[in-house]
Amino acid sequence: MNNIMSIIFASDNESKLNELTLHRTTASLPVGGRYRFIDFTLSNLVNSQITTIGIITKSNYSSLMDHIRMGRDWDLNRKNSGITVFPPYASNTSRSVSKGKIEAMYGILDYIEKATEDYVIVTNSNIAANIDFDDVYNKHIETGADITMLSYFDKPTSSRRVIIESDESGRVTGSRITQNISDKTEEIGLNIYLLKKSLLMDLVTSCYERGGVDFEKSIIQQKVDELHIHTYKVPGHAAMIDDIKTYFEESMRLLDKDVRNDLFYACGKIFTKVKDSVPTIYRNKAKVKNSLIADGCDINGVVENSILFRGVKVEEGSCITNSIVMENGHVYPNSSLDYVITDKNVTITEDKKISGFETYPLVIVKNKTI
Amino acid sequence: MFTSNKECVAMLLAGGQGTRLYSLTRDLAKPAVSFGGKYRIIDFPLSNCINSNIDTIGVLTQYQPFYLNQYIGNGQPWDLDRLNGGVFVLPPYMKNKGSDWYKGTANAIYQNIQFVDRFNPQYVLILSGDHIYKMDYSKMLDYHKEKGADCTIAVINVTKEEASRFGIMNTNPDNSVYEFEEKPKNPKSTNASMGIYIFTWEKLRKYLIEDEEDKTSSNDFGKNIIPNMLNDGQKLFAYSFEGYWKDVGTISSLWEANMDLLDENSGMNLSDTGWKIYARNTAEPPHYVADDATIENSLVTEGCEVNGVVRNSVISSGVKIGKNVVIEDCNIMPNVVIEDGAEIRYTIVGPNAHIGKNAKVGGVCNKDNLKIAVIGPNAVVAEDQVVPMGEMVD
């Protein structure tokens, strides 16, 4: 499908990922042992032959640039089309970088206009899902919608989720943005939209001129009667993260086989930056249960209900439970981690017992030695 | 097109059939055989080249080339997608005086003289695609230049017993070669040729052309080119290599080389970041280890699901291991499915094979008298089937 382009927002304006996004965009947040969040979006697009992709960044985008490079790992180093990364944009008249998605898109209207594609997918990058955009497009044409918004069913485990109200046909009749966590399963917007490029440009221009900032509030909520907005329910598992709690919960869901099958295989493979790690070696004292282990690890201790990223070293007598250890973590003998998230290159020296709590995992920031 | 001169061009002989690997090379060339969980044998010479700053490589293919061609592709995984140089797959081709298969190792290079000439190199490095080792070819090239040699042959010290299985270089104290013996019954020395040669291109070019004119020649480096150069008094030197080097041309040696990866003292350290071995990536998620799994002294890689017991084994990408499975002392190649309750010992399981429920494959054997069972690529072992040690299933 070559008639669709895409615009990806690398950072969420109101993200509460705190320590984990101190040095990076949400898009480049490590997930699932060897991925960054943006890998899901990029792979879904490429698997549906969508190759004109603009990525809008807001701040701290060097880790994202380092991850994407020329886009070769997603087969996006193309002569025509490919990835364009937009550094933070500030217009002459304002002193700060763009406040919301509308202002950010207004800043790149030239790029959007120049693209040869007639349709556009606008997406956030705090989403892990395996989506067939060919099917989304077909449904969009079938329903005759102006905007198709992707959705999934889940409990709103965090605030600021867009809860969709729709009629039997799937046409959106209204939406509200939650302020509270609820136990009721609802249809939740994934912040992924498909619409005609010409419509997007009109909407962005007119909203910007009226001082609109937020795509969801100014367009999805306000124009629900004026426009035909239709939902598309993503068939497999979908995950959205916006704080440490949801990041931890969604990560741990990957230990479920069905979730892994949905996310990693449903419509196509998920590609990421190739690092040429060696296979993981299990030594004689290794005891690993219910865990997801990336390549390049060296395990001689206990690992349970955990996710180890590439190149993690677990020494004899150490114990990792209910934790996420990112790339090149090193746990020395007789130390333990329980409900802990360690960012990249964290070293836990000998005889340290570190634990968080199920509802409040402890985060250890990048490059720290404890 | 832009080509500039290259000091040294590598020519990798990858056309051999590898008959002693039986069904593992039925559908693909030996250099494309899976190794060490996520590698192919050819990753070792290709990675050695790029790590040695040799960026122009011709890969000579002939037997079952499709998979190998696809695997090498544009050479990007080895950083060999270059504007000038890079990796080139060279199958036999038609010329205005007819066409020929590659008749021997020397003939394969002879037929590609034009390819080498395009880069106008001073030296040519000849490699083969059936060994596991890490070697800095640039040091060997320095040695070749320092000695002012016409040909330098890499040698490794083997035991007296092993020596009669190799080509043996008999050398003077200055390492110059005075005699070459192919598989001698009573070896005079233990310097075994590793099948790695550096030639001064001008010299090799001349000998290749002369060898081609000799209709009785078998057009082989070991049998013809090296002896001819010795007879003519050319300067041949032996370059001693110290380190891990293993021919993986037989079932037992391929099995042993995989097992060596589990032994810290074997000398083959894959995780040495100073000399990475590169491979084409399969885009699989991390492997999952279930509650019922036990994994000890083993290598496991991406895309695997482990529900059973794995000991002393190398498990390749995408392998699915069911509950109550026991895998001991095995090399399981990519995308194998092993159903619940199967037991596999001392076995190489080829890619995409399927082992049925409660099947029993192979058995514990003596390391001095290895009887490795082989399950061929795509082969199916039925439920409850028993495959005795050392047996092969196609």
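Me: Buried means under 20% relative accessible area, exposed over 50%, and partly exposed in between (1.4 Å probe, protein chains only). How do you know that both faces of β1(A) are covered?

Reply: This is a predicted model, in which local features need pLDDT of at least 70, side-chain atom pairs count only at pLDDT 80 or more, and totals for chains, interfaces and linings use all residues. Residues are numbered from 1 along each chain as its sequence is written, chains are lettered from A and ligands numbered from 1 in the order in which they are written, and side-chain values use heavy atoms, with hydrogens and water left out. On one side of β1(A), A:Ile4, A:Ser6 and A:Ile8 are buried, and on the other A:Met5, A:Ile7 and A:Phe9 are buried. Strand β1 (residues 4-9) of chain A therefore has six of its six residues buried and is largely enclosed by the rest of the structure.

Me: Why does A:Thr246 count as buried?

Reply: Its relative accessibility is 2%, and it is buried because that value is under 20%. A:Thr246 lies in helix α8 of chain A. Contact means heavy atoms within 4.5 Å; apart from its neighbours within four places in sequence, A:Thr246 is in contact with A:Thr157, A:Ser158, A:Arg161, A:Met240 and A:Ile241. The C-alpha atoms of A:Thr246 and A:Leu17 are separated by 9.3 Å, although the two are 229 residues apart along the chain.

Me: Why do β26(A) and β33(B) stand at the edges of their sheet?

Reply: The open sheet has 11 strands with mixed pairing, in the order β26(A)-β23(A)-β20(A)-β17(A)-β14(A)-β18(B)-β21(B)-β24(B)-β27(B)-β30(B)-β33(B). Strands β26 (347-348) of chain A and β33 (392-393) of chain B each have a single partner strand, so one side of each is left without a neighbour in the sheet. Where the chains meet in this order, β14 (residues 280-282) of chain A and β18 (residues 298-300) of chain B pair in the antiparallel sense over three bridges, and A:Tyr282 stands opposite B:Ser298.

Me: What makes helix α1(B) mostly covered?

Reply: Eight of the nine residues of α1 (residues 43-51) of chain B are buried, among them B:Phe44, B:Leu46 and B:Ile50. Just after this helix, B:Asn53 takes a positive phi of about 65°.

Me: What is the volume of the largest cavity, and what is the space in the largest pocket?

Reply: On a 1 Å grid over the protein atoms alone, a cavity is a set of points where a 1.4 Å probe fits but cannot get out, a pocket is an open set with protein on both sides within 12 Å along at least five of seven lines, and lining residues have an atom within 4 Å of a point. The largest cavity has a volume of about 80 Å³, and 13 residues line it, with A:Val31, A:Ala128, A:Ala239, A:Glu250 and A:Leu263 nearest its centre. Helix α8(A) gives the most to this lining, with three residues. The largest pocket holds about 1600 Å³ of space. Of the 49 residues lining this pocket, B:Arg20, B:Lys30, B:Asp130, B:His131 and B:Asp247 are the closest to its centre, and β13(B) supplies the largest share, four residues.

Definitions and conventions
Two strands pair if DSSP finds at least two bridges between them. Helices (H or I, at least four residues) and strands (E, at least two) are DSSP runs, numbered from the N terminus. Grid points are joined across faces, edges and corners, and a volume is the space filled by probe spheres set on the points.
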